[in-house]
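Hi everyone, thanks for coming. I'd like to walk you through one structure today, so let's bring it up on the screen.

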Amino acid sequence: MLVNATEMLKKARDGKYAVGQFNINNLEWTKAILEVAEELQSPVILGVSAGAAKYMGGFKTVVALVGAMIEDLKITVPVATHLDHGTYNDSIACIEAGFSSIMYDGSKLPIDENLAKTAEIVKLAHAKGISVEAEVGSIGGEEDGVVGSGEIADADECKRLAETGIDFLAAGIGNIHGVYPANWQGLNFEALEAINNATGGIPLVLHGGSGIPEDMIKRSISLGVSKINVNTEKQLVFAAAVRKYIEDGKDKEGKGFDPRKILAPGVEAIKVTVREKIELFGSTNKV
């Protein structure tokens, strides 16, 4: 069931759990995530970066793929197709393509320009029933070539962004995209609490959810985080499983060279990771 993410995240905020955003890169990833969400009866958000959409054939292709798969696999849980870290132009394209949710990321812009453009996107998206995420205080690491240093967002700027009418807010609290370094200082919970208090309880988003310790995840949820993004962890386990298949020579046994067989171990590894995250986030049986 394709929906926007507003209601699922309000329910998550009130119920003190989080909905996972699991990024997709191809048909196999999409199918694996949907099947696990259905199995665990969990709402789910399928994150799509502009780069991943381009790889998959374009925003309209993503919408068509997800819509058909929901129907053919008889997926009954709430599913949102969500643009991840979109530019202004990406956001417009996804609104027109039929995404159910978008993230406009103006965090690199001066705050007044970020606010103005976010407000424009909110007006356009809400007219079509599409939910909107926005960001202040860039997330560290790299996402589609955009590198952030892991800023701590200013609570007053978060409040101003929330007032544009967005449905959920991503705010930097020391989290990063990619693999966390050994000297990572951890999440800044004092900042998260201040942001939660300043924004009046709007659902908050934790980017860079791969590799954050379980106790930090749970504490984040208790302080208003209702959506947690996971991508790198799936990439790592997928690559490791496919690598092992090749290194073990399985592709040379019978018809082991069939791409469906080559990718199968990676798909199973993704399923294991998504299952673990859904259970950690507490969204099992929350439809």
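Okay, a definition before we look inside. On a 1 Å grid over the protein atoms alone, a cavity is a set of points where a 1.4 Å probe fits but cannot get out, and a residue counts as lining it if it has an atom within 4 Å of a point. Grid points are joined across faces, edges and corners, and the volume is the space filled by probe spheres set on the points.

Quick housekeeping: this is a predicted model, where local features need pLDDT of at least 70 and side-chain atom pairs count only at pLDDT 80 or more, while totals for chains, interfaces and linings use all residues. Residues are numbered from 1 along each chain as its sequence is written, and side-chain values use heavy atoms, with hydrogens and water left out.

So, how many cavities of 30 Å³ or more turn up in the whole structure? The search finds one, and the largest cavity holds about 40 Å³ of space. Its lining is made of Leu169, Ala171, Ile173, Leu192, Ile195, Leu204, Val205 and Val225. Strand 8 (168–171), helix 8 (189–198) and strand 9 (204–206) are the elements that give two or more residues each to that lining. Helices here are DSSP runs of H or I with at least four residues, strands are runs of E with at least two, and both are numbered from the N terminus.

What classes of residue line the largest cavity? Eight are nonpolar, with no polar and no charged ones. Nonpolar covers Ala, Val, Leu, Ile, Met, Phe, Trp, Tyr, Cys and Pro; charged is Asp, Glu, Lys and Arg; the others, Gly among them, are polar.

Now for the charged pairs. A salt bridge means a side-chain nitrogen of Lys or Arg within 4 Å of a carboxyl oxygen of Asp or Glu. The whole structure has ten of them.

Take Glu233 and Lys277, whose side chains meet at 3.0 Å, N to O. Glu233 sits in helix 10 (residues 232–247) and Lys277 in helix 11 (residues 259–281), so this pair ties together parts 44 residues apart in sequence. Buried or exposed? We call a residue buried under 20% relative accessible area, exposed over 50%, and partly exposed in between, using a 1.4 Å probe and protein chains only. Lys277 is buried at 8%, and Glu233 is partly exposed at 22%.

Another salt bridge joins Lys159 and Glu163 at 2.7 Å, N to O. Here Lys159 is partly exposed at 35%, while Glu163 is exposed at 55%.

How values were computed
On a 1 Å grid over the protein atoms alone, a cavity is a set of points where a 1.4 Å probe fits but cannot get out, and a pocket is an open set with protein on both sides within 12 Å along at least five of seven lines; lining residues have an atom within 4 Å of a point.
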